[in-house]
Amino acid sequence: MAGRPAPKKGANKAAPPAQTNNNKRKNSPSKEPSSKKAKVAATATKVAAKGSKKSAKAAVPQEDSEDDDESWAYGAVSGSDDSDIEEMDDEFVSAEEGSDIEVGALDDDFLGDEFAESDEESKGPGAAMFGSDDEDEEEQGEEEEEEEDIFASDSEENSDEDDMEAKSRKLDAAAQAEAEEAEAEMQTNIMLESDKYVLPGDDHEILQSTDLQVVQARIQEIVRVLNNFREMREGNRSRNDYISQLLKDLCLYYGYNEYLMEKLFYIFPVSEAIEFFEANEVPRPVTIRTNTLKTRRRELAQALINRGVNLDPVGKWSKVGLQVFDSPVPIGATPEYLAGHYMLQAASSFLPVMALAPQEHERVLDMASAPGGKSTYIAALLKNTGMVFANDANKDRTKSLVANIHRLGVKNAVVCNYDGREFPGVIGGFDRVLLDAPCSGTGVISKDASVKTNKSEQDFQMLSQLQKQLVLAAIDSVDAGSKTGGYIVYSTCSVCVDENEDVVNYALKKRPNVKLVSTGLDFGKEGFTRFREKVFHPSISLTRRYYPHMHNMDGFYVAKFKKVSNKIPKKEDNVDLDEEEEFTPIVEESGKRNRGGKKSSTAAQSAEEVEQIGFNADEDEELIRASQAKLLQTQKGIKLRPKKTA
């Protein structure tokens with residue numbers, strides 16, 4: 001070692017690069033990078049460390065100039081003296097010459113942990129210091145594998161979200177397929193059960209069952225069979241067998257008598273009939289009508305909302321109706337009600353007045369007006385002009401009629417108590433007449449459940465006859481020569497054909513001087529022109545029907561006539577002479593007053609006499625003048641001279 005210059009003492013202060021990197025790797029903890037950038041930086045650090053280690057192994061010591069303060073390329077151990085360096089140089093040269101030196105002879109401080117661990121795997125002399133080509137290739141392969149693992153983990157993180165979405169879509173598709181299979185199995189089972197359904201016989205135990213769930217299930221089964229009767233019926237069973245059993249079950253389930261159930265059932269298709277009976281079990285919404293003589297609907301709604309009432313407009317078809325959903329106070333006892341700002345009235349009761357459409361300064365007759373909802377509505381439309389004759393045959397009911405007229409501020413009404421069939425004998429010549437005829441009440445079963453059991457065939461026959469008499473009296477009470485009127489509206493709160501289309505068809509036959517016109521109501525179902533074995537006039541399709549299950553209001557019927565002439569054809573002009581009916585007079589129990597109808601065989605009241613009944617302008621003028629004269633004489637003592645007649 002004499003020919004090699006010794007390095008300066010200041011050189012042993014500098015740490016060799018390989019040792020520095022090995023110490024860093026030894027002392028730094030092994031942690032996974034938290035982000036992609038951290039992983040890439042760690043990979044770069046590892047590669048740099050490996051490169052520095054290789055350069056340290058392959059480095060050859062070079063002589064330094066006297067002015068150079070740096071140490072050997074492979075470095076010196078900090079704190080070693082010149083003798084140590086000479087020993088290291090000798091060992092280094094012997095390694096270069098290929099001498100067989102064990103790696104363990106080197107200082108552990110110089111080799112570090114990495115070189116010490118690799119001693120076991122070394123196969124040749126000096127391998128621990130410089131390594132072999134195979135080890136370099138292995139280390140390079142390991143570096144590439146580490147880099148590939150890092151970038152592969154990055155790509156896996158990027159595809160995690162896509163994998164989750166794909167798995168989610170697969171799960172959704174599987175759930176949907178399972179649901180469809182379950183639905184298909186259920187439908188298959190239903191079809192099989194319906195095919196196997198057998199009607200119970202008359203002596204079957206199930207007919208005596210009062211379990212409503214069993215009855216309801218049987219009703220549903222029969223309805224399903226009737227809707228697809230050709231494919232689902234049992235053997236040679238007829239449709240009447242199923243309907244007969246269904247009617248019995250419906251009577252038991254809903255509580256109707258057999259006559260009324262059969263009468264209502266045949267008005268609708270099978271499924272719709274069940275909906276109608278179900279709707280009759282639910283009360284109709286509470287509705288009120290704004291009295292436009294005292295307030296407007298917006299102001300009334302705001303006042304009631306301020307009191308905590310939950311309400312909405314009844315619909316686009318009405319400008320005065322409000323539907324009440326909830327109220328913390330009784331809706332019939334609010335200050336607004338007592339002040340006459342509104343009237344508690346069913347929505348269906350708006351319809352006949354809207355169809356009548358009275359005009360200002362007209363004279364209108366309401367033949368059955370109690371308790372006054374329709375009469376006061378007419379007065380509001382007239383704006384307290386003209387005259388409203390509010391008649392009712394029941395004297396007790398006129399008390400509530402008078403009370404409502406006063407409360408709502410109506411000033412153009414006259415309350416009278418006559419049998420409607422006495423018109424026009426009492427007074428006639430009206431511009432418009434409203435007849436809301438007495439009926440069976442089959443449209444308001446939700447309000448009066450007693451209708452289910454207390455109506456019989458005799459009741460319907462009597463009511464139908466009364467309605468026919470009343471509608472003829474209403475037609476005769478109208479003046480066909482009215483400039484603005486000449487209209488009659490017939491309405492009932494029934495859904496039965498006997499009280500509706502049958503009565504209107506009768507009126508068209510008996511009074512050819514009237515015709516049906518549009519009601520002006522833009523909703524509702526058309527009246528029947530055919531019903532079972534009956535055939536009606538084609539114009540009856542202009543009438544309107546309303547059902548609780550379709551329109552969420554009471555069952556109702558509205559028809560509007562237009563009187564084209566005051567002349568009624570004579571008997572010889574009437575084609576249906578054989579069908580002329582004699583109306584038997586109805587006498588009160590007291591016998592004081594005969595409220596009998598017309599007798600077709602009596603010649604005293606001929607068509608010409610009926611034509612002359614009406615308002616006599618001269619007679620009215622004389623009566624008014626006499627009344628004014630009497631009033632002036634009693635109050636102011638003024639006597640009017642009688643009018644001279646030519």
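Reader: Which residue does the UniProt annotation "active site" cover here?

Author: Cys 493, according to the UniProt record, which is an unreviewed entry. Keep in mind that such annotations may be inferred rather than shown by experiment, and that what you have on screen is a predicted model.

Reader: Where does Cys 493 lie relative to the helices and strands?

Author: Look in the loop between strand E9 (487–492) and helix H19 (501–510).

Reader: And how do I read its exposure: is Cys 493 buried, partly exposed or exposed?

Author: The general idea is that buried means under 20% relative accessible area and exposed means over 50%, with partly exposed in between. Cys 493 has a relative accessible area of 21%, so it counts as partly exposed.

Reader: Which residues does Cys 493 touch, leaving out those up to four places away in sequence?

Author: Cys 439, Gly 441, Thr 442, Gly 443 and Val 444 are on the list, and so are Gly 555 and Phe 556.

Reader: Let's zoom out. How many helices and strands does the protein chain have?

Author: There are 22 helices and 15 strands. The chain has 646 residues, and 40% of them count as buried. As for the accessible surface, the total is about 37,100 Å², with 49% of that belonging to carbon and sulfur atoms.

Reader: What share of the contacts between residues at least 6 apart in sequence join residues at least 24 apart?

Author: That share is 71% for this protein chain.

Reader: Now the strands. In what sense do E5 and E6 pair, parallel or antiparallel?

Author: To read a pairing, check the direction of the two strands and the bridges between them. Strand E5 (residues 363–366) pairs with strand E6 (residues 387–391) in the parallel sense, over 4 bridges. If you want a landmark, Val 364 stands opposite Val 388 in E6.

Reader: Which other strand is joined to E5 by 3 bridges?

Author: Strand E8 (residues 432–436), which runs parallel to E5. There, the residue opposite Leu 365 is Val 433 in E8.

Reader: What about E6 and E7, how many bridges do they have?

Author: They have 4, again in the parallel sense, with E7 covering residues 413–416. Ala 390 and Val 415 face each other across that pair. The chain gets from E6 to E7 through helix H16 (residues 397–407), a β-α-β crossover that is right-handed.

Reader: Which helix goes with E5 and E6 in a β-α-β unit?

Author: Helix H15 (residues 373–382), and the unit is right-handed. In H15, 9 of the 10 residues are buried, so the helix is largely enclosed by the rest of the structure. The buried set includes Lys 374, Ser 375 and Thr 376 as well as Ile 378 and Leu 382. Just after H15, look at Lys 383: its phi is positive, about 60 degrees.

Reader: How many residues of helix H11 are buried?

Author: In H11 (residues 270–279), 7 of the 10 residues are buried, which leaves the helix mostly covered. Among them are Glu 272, Ile 274, Phe 276 and Phe 277. The cover includes helix H7 (212–227), helix H9 (239–254), helix H10 (258–265), strand E11 (525–526) and H20.

Reader: What does Pro 548 touch, not counting residues up to four places away in sequence?

Author: Pro 548, found in helix H20 (residues 548–551), touches Phe 276, Ala 279, Asn 280, Arg 284, Met 553 and Gly 555. With a relative accessible area of 5%, Pro 548 is buried.

Reader: Last topic, the rings. How many aromatic pairs are there?

Author: The count comes to 17. For Tyr 253 and Tyr 254, the ring centres are 4.9 Å apart and the planes sit at 85 degrees, so this pair is edge-to-face. Tyr 253 is partly exposed at 24% relative accessibility, whereas Tyr 254 is buried at 8%. Tyr 337 and Tyr 342 make a tilted pair, 5.5 Å centre to centre with 55 degrees between the planes. Tyr 337 is buried at 16% relative accessible area, and Tyr 342 is buried at 0%.

Reader: Which residues do ring pairs link into a cluster?

Author: Tyr 253, Tyr 254, Tyr 256, Phe 268, Phe 276, Phe 277 and Tyr 547.

Terms used. Residues numbered from 1 in each chain as written. Predicted model: local features only at pLDDT ≥ 70, side-chain atom pairs only at ≥ 80, totals over all residues. Heavy atoms only, no water. Buried < 20%, exposed > 50% of the residue type's maximum accessible area, 1.4 Å probe, protein only. Contact = heavy atoms within 4.5 Å. Pairing = 2+ DSSP bridges. Right-handed = clockwise from strand over helix to strand, strands pointing away. Areas by Shrake-Rupley, 256 points an atom, 1.4 Å probe, with all protein chains shown as cover. Phe/Tyr/Trp six-rings, centres within 6.5 Å; stacked < 30°, edge-to-face > 60°.
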